[in-house]
Structure formats: C-alpha cells, structure tokens
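I opened the notebook to go through one protein chain step by step. These entries follow the order in which I looked things up.

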Amino acid sequence: MRAFMVERYGAETGVHAAEVPQPKVGVDDVLVRIHAASVNPLDLKVRDGDFKVILPYRVPFVLGNDLAGTVVEVGSAVTRFSVGDEVYSRPDKDRIGTFAELIAVHQDDVAPKPTTLTMAEAASLPLVALTAWQALVERAHVRPGQKVLIHAGSGGVGTIAIQLAKHLGAQVATTTSTANLDVVKSLGADVVVDYKRQAFETVLHDYDVVLDSLGGENLEKSLRVLKPGGKVISIAGPPDAAFARELGANPVLRTAMAALSFRIRRRARRRRVTYEFLFMQAGGDQLRELTALVDAGAIRPVIDRAFPFESTREALEYVGKGRAKAGKVVVTMT
Ligand SMILES: NC(=O)c1ccc[n+]([C@@H]2O[C@H](COP(=O)([O-])OP(=O)(O)OC[C@H]3O[C@@H](n4cnc5c(N)ncnc54)[C@H](OP(=O)(O)O)[C@@H]3O)[C@@H](O)[C@H]2O)c1
C-alpha cells in the first residue's frame, strides 16, 4: 500500500511516499481503508523529532494521527464493528500511521463516523475533538453558567472547544486574530478578544476555566484571568508529574517533568488556582459521544483546506507555515 513515511527525523527531510506492506490485523483490530486523514501540529512535531522523549517512534514509520474510512476486515474478537462500517478514529499514540491507504486500529479506539459529515469533515475531528472533550468534560467538568476561556479559537482545537463549551452551557470567551473574528463568533463565542489589538488578561476576569493551547507567556497571563479555585488546562505548557505517571515514565523522567512545570504550578498556587497539563488520549467511547453531538448539530467541523493524498507532504508544509484561514487541513484519498 502507499503511505507517507518519516525515514529520518527532521523538518528538512520531511515525509516521503513509499510502498509498504499492508498492516497486520490483530484479533481486536479493525482494518480501515482510509478515505481521508487530517493534519495536526502533532504530526509536524513528531516528524521533526521534537517529541522523541515521549513518543519514541523508530524510523521508518508512517505518520498521521486522524482518519475516516471504511472497515474492510475485522479481527476474530471484534464485536463492535463489521465490514462496510463507516468509521473515524484517532488511533492510539503507539499505533499511528494514517497518511496511508490502510491502517489497523484497536476496535476500542474507533467510533461510527457521524452520518451528517463527509469523510473529509469526519477526519478533521477525532484528535481535536477528543482533546476538547478531555479538557472540558473529563478534566474541568464544565457546568452551565461557568465562564470558560478558549485560547486560539480559530485553531483545530479551538473551533471545536468553543462549540463544546457552549453546548455544556458555558459563557465562552476566545482569543483570535483579526482575520478570524467572524469565524469564532459564528461558532458561538460570546466574548472575542483580538489578540493583535488587545491584551486578553486586561479585559477578561473571574474565569472558571482556561484551555491554553499556546503555552509560554500566554499560559502565565492566563492565570490572571481565573477566579480563586479556577483551573487552567494546558495542552501546550510544561508537562506535570501526573502526565509522567500516565506515561509510565521512569523516576528520572518523572522528576524532570515535575521540575519543568514547577514554576507555573507555584505561580498558580499563589493565585489559588490550579495548573494541569493534558496530553490527549485515543478513546472510541468518547468519540461516540462526539458523533452524537455532531449528528445533533451541536458541533460542526471547520475545514481550512483539503489536499489530495499525493500532496500529503505539501499539506504538512501548509500547516507548518501557519495555514491561511481557520480550522483543519485534511488530505483525501478518493
Ligand atoms: N497536548 C495535547 O494533547 C494536544 C492536543 C491537540 C493539540 N495540541 C497542541 O495545541 C496547539 C494548538 O493545536 P491546534 O490543532 O489547535 O493548532 P492549529 O490548528 O495550528 O491552531 C493554532 C491557532 O493558534 C492561533 N494563534 C496563534 N497565536 C495566537 C495568540 N497569540 N493568541 C490566540 N491565538 C493564536 C492561530 O489563529 P489565528 O490565525 O487567529 O492567529 C491558529 O489558528 C498545538 O501546539 C498542538 O500541538 C496539544
């Protein structure tokens, strides 16, 4: 089958099209013919070797973390899917490889594709929608009436997180550039801060939850908009000890990760708020909940641009250069 591989880590080398053997199908796996995949900043970080410590993929490997497609074979223990089912998935972090014609995925990491979406639209969702779900539902337990700030509202995560927070009944603020003000308003944001013209920390106050996807100074300033007892969940800030435990890291790595987030945790404590790092996980059951929300019209995908499969390398470069509009970049196989 055709696939886009990382043969050597590094942005300069990029990914290369190659002919590789079909994936082996385990007893609990479904083999999916991929119709569309989407590009995430994670792909670029993996390609460039930035995540080697936590995601030590051995080259050569197939890149790609999101897919939508059709089940073409099922393992002997598969109970949840049949041949012909239309599905979507963010495969487990140890089994990536969606820039390919086929992939074998554990049945627990797969969900029925929303019937109201095209394959390309569905492929844009799993990683970012699961991230939004795990931040806002699982970690923050967002309740109606709470004030939630979603940073980078025009991004892959932001476009979905705004809609999910609104669905949960929150009052939602978001940050975005001037060009994307209308997009984030159309997704339901109640308060929009143009980060090119205004410092969000001077206009937003008494927030219950912040979803930070920028890290650095943005994360530090985010502490200031929280009310006492509030929570910042960062998907781009320094990892914490809880993440190291989740990863099964050795004691040295655990100590190193706790040290990396020491400063921000101390600052948070002084403000009587909490800091948590989130690294999203695959999960078919959560994806099923998201399928229901999409089909009920509560969440819609936002696509910036689609590329043909043969142009996967260009799609990655387009994302690397900061995209042009809002939302996700997808590659389509058919
Ligand atoms: N830890 C995890 O599990 C996890 C999961 C998913 C993503 N992530 C990380 O989270 C980050 C965002 O992911 P994504 O998929 O949403 O990326 P994305 O689609 O590339 O979106 C990034 C967005 O950031 C916006 N932006 C840039 N500077 C900004 C600023 N100062 N204030 C507000 N917005 C700003 C840009 O919008 P404008 O055009 O409006 O400037 C852009 O739309 C990436 O670093 C990714 O690796 C982590």
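Before starting, I wrote down one term: a contact means heavy atoms within 4.5 Å. I also noted that the model is predicted.

**Entry 1: a glutamine in a loop**

I looked up Gln107 and found it in the loop between β7 (102-106) and β8 (110-112). Is Gln107 buried or exposed? Buried means under 20% relative accessible area. Gln107 has 5% relative accessibility, so it counts as buried. I then listed its contacts, leaving aside neighbours within four places in sequence. Gln107 touches Asp28 and Asp29, and also Ala77, Val78, Thr79, Arg80 and Phe81.

**Entry 2: the chain as a whole**

I counted 12 helices and 16 strands in the secondary structure of the chain. The C-alpha atoms fill a box of roughly 55 × 45 × 40 Å along the principal axes. For 334 residues, a compact globule would have a radius of gyration near 20 Å, and the 19 Å of the chain agrees with that. I noted that buried residues make up 55% of the 334 residues. The chain exposes about 14300 Å², and carbon and sulfur atoms supply 51% of that area. Among contacts with a separation of 6 or more, 68% come from residues 24 or more positions apart.

**Entry 3: an open sheet**

In what order do the six strands of the open sheet lie? I read the order as β11-β10-β9-β12-β13-β14, with parallel pairing. At the edges are β11 (191-194) and β14 (274-277), each of which pairs on one side only. Neighbouring strands of this sheet are turned by 15° against each other on average, direction ignored. As a reminder to myself, strands of a sheet pair through backbone hydrogen bonds, either parallel or antiparallel.

Strand β12 (residues 207-212) and strand β13 (residues 226-234) pair in the parallel sense over five bridges. Asp212 has Ser234 in β13 as its bridge partner.

**Entry 4: helices against the sheet**

I followed helix α3 (residues 126-139) and saw that it lies across β9 (147-150), β12, β13 and β14. Helix α3 runs at about 145° to β13.

Next I checked helix α7 (residues 216-223). Which residues of helix α7 are buried? They are Asn218, Leu219, Glu220, Ser222 and Leu223. These buried residues pack against α6 (200-203), β12, β13, α10 (262-270) and β14.

**Entry 5: aromatic pairs**

I found that the structure holds seven aromatic pairs. One of them is Tyr9 with Phe61, a tilted pair at 5.9 Å centre to centre, with 50° between the planes. Tyr9 lies in the loop between β1 (2-6) and β2 (16-19) and Phe61 in strand β4 (residues 61-62), so the pair ties together parts that are 52 residues apart in sequence. Phe61 counts as buried because its relative accessibility is 9%.

I then looked at Phe243 and Phe279. Their ring centres are 5.6 Å apart and their planes at 45°, so this pair is tilted. Phe243 sits in helix α8 (residues 241-247) and Phe279 in the loop between β14 and α11 (284-295), and the pair links these distant parts, 36 residues apart. Both Phe243 and Phe279 are buried. Last, I noted that ring pairs link Phe51, Phe243, Phe277 and Phe279 into a cluster.

Technical notes
Residues numbered from 1 in each chain as written. Predicted model: local features only at pLDDT ≥ 70, side-chain atom pairs only at ≥ 80, totals over all residues. Heavy atoms only, no water. Pairing = 2+ DSSP bridges. Helix = DSSP H or I, 4+ residues; strand = E, 2+ residues; numbered from the N terminus. Axes fitted to C-alpha atoms, helices over the stretch in contact; angles between N-to-C directions. Rg over C-alpha atoms; globule rule 2.2 N^0.38 Å. Buried < 20%, exposed > 50% of the residue type's maximum accessible area, 1.4 Å probe, protein only. Areas by Shrake-Rupley, 256 points an atom, 1.4 Å probe, with all protein chains shown as cover. Phe/Tyr/Trp six-rings, centres within 6.5 Å; stacked < 30°, edge-to-face > 60°.
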